[in-house]
Amino acid sequence: MTSSPGHVVRPVDDPHDRSSSPGTEGAPLLQARGVTLQYKTRQHLVTAAYRVSFDVYPGDRFILLGPSGCGKSSLLKSVGGHLPPVEGSFTLAGSPVLRPGPDRMMVFQEFDQLFAWKTVIQNVAFPLVTSGRCSTREANDRALLYLSKVKLTKFKDSYPHMLSGGMKQRVAIARAMAMEPAILLMDEPFAALDALTRRRMQDELLELWDNTNFTVLFVTHSIEEAILIGSRILLLSPHPGRVRAELNCDHFEHTDQGGDAFITLQRRIHTMLFDESQAGGPDA
Ligand code: ADP
Ligand code: MG
């Protein structure tokens, strides 16, 4: 991570001009093109996201930021292949996303995403074996490697109930990363943690990224977290989510919090997210 204070705002009416985005040459890994997502309930048709487009490049820490209910989780679910768009499409490495696959691994907010009856190492190895990717022995080796990356080697034989919330999230991250997906999908993974643990996990995720340079699509409703974690941030309007703007933001660390540049960007994002004069499009 560098700590230069500048940032680049890409206007929303120029959604695919990357001329001002350093380090983003080459083809996008994930493309969203005009994605509209809807839920049909008995009484209503709910539009969760409306004509959302963005590009995620290899090595991006790409953030979907917006208020609760703006469709962030729905977008992530759709990238995961669990919610087909009613309009538009996702393309991953040139192929349309049509169903779930091991090239997209998800980490959720909840602490109960691990198998309670399996040890830490068994939890991490399990998808490697069941997907047919590795033999049991190879899966154990790879699980150990990724547990060391999230600093949990000592707890490999513990059961989930013996771990803190932060440790469980680290197991979930190790399990997803061990599959070596093309893109890691994280849905508010630290939102249920206490403030200090959350902060440590944010730093650890960045450290992990520095060491392995994976591509991550990270959902949050916290402006602060988006600035800290993201290399790029997509701002979504309140329900239904539409793209408000996209920022390059690969500059900030916890030590910058409270500084002028950090606060200015925080305020600017807040205005862009909630300024009704920027709103438009359909009501859901
Ligand atoms: P976010 O993650 O940004 O909080 P969601 O993607 O969870 O937003 O939800 C977006 C909108 O879609 C909300 O209005 C929510 O109520 C609605 N929604 C989400 N899941 C369902 C569902 N399974 N059935 C009906 N509506 C849903
Ligand atoms: Mg959500």
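**Exercise 1. Find which strand and which helix each supply at least two residues of the shell around ligand 1.**

Solution. The model is predicted.
- Strand E3 (45–56) and helix H1 (72–79) each supply at least two shell residues.
- H1 gives the largest share, 3 residues.
- Now look at who comes nearest. Of the 13 residues around ligand 1, these are Tyr39, Ala48, Lys72, Ser73 and Ser74.
- Last, sort the shell by type. It holds 4 nonpolar, 8 polar and 1 charged residue.

**Exercise 2. Work out how strand E2 (residues 30–40) pairs with E3.**

Solution. 
- Count the bridges. There are 8 between E2 and E3, and the two strands run antiparallel.
- A hairpin of 4 residues links E2 to E3.
- Pick one pair. Val35 faces Val52 in E3.

**Exercise 3. Identify the pairing between E2 and strand E5 (residues 87–92).**

Solution. 
- The sense is antiparallel, with 5 bridges.
- Take Arg33 as an example. Its bridge partner in E5 is Ser89.

**Exercise 4. Describe the largest nonpolar core, and name the members that touch the most others.**

Solution. 
- The core has 76 residues. Val124, Ala174 and Leu217 touch the most other members.
- Helix H4 (residues 165–178) provides the largest share of this core, 8 residues.
- Both domain 1 (29–103 + 197–284) and domain 2 (115–180) contribute at least three residues each to this core.
- Zoom in on Val124. Leaving out residues up to four places away in sequence, Val124 touches Ala143, Tyr146, Leu147, Val171, Ala174, Arg175 and Ala178.

Terms used. Residues are numbered from 1 along each chain as its sequence is written. Chains are lettered from A and ligands numbered from 1 in the order in which they are written. This is a predicted model: local features need pLDDT of at least 70, side-chain atom pairs count only at pLDDT 80 or more; totals for chains, interfaces and linings use all residues. A residue is near a molecule or strand if its C-beta atom, placed from the backbone, lies within 6 Å of it. Ala, Val, Leu, Ile, Met, Phe, Trp, Tyr, Cys and Pro count as nonpolar, Asp, Glu, Lys and Arg as charged, and the others, Gly among them, as polar. A nonpolar core is a set of buried Ala, Val, Leu, Ile, Met, Phe, Trp, Tyr and Cys residues joined through C-beta atoms within 7 Å. A residue is buried if 20 or more other C-beta atoms lie within 10 Å of its own, exposed if 12 or fewer, and partly exposed in between; C-beta atoms are placed from the backbone. Domain bounds come from an automatic or database domain assignment. Two residues are in contact if their C-beta atoms, placed from the backbone, lie within 7 Å. Two strands pair if DSSP finds at least two bridges between them.
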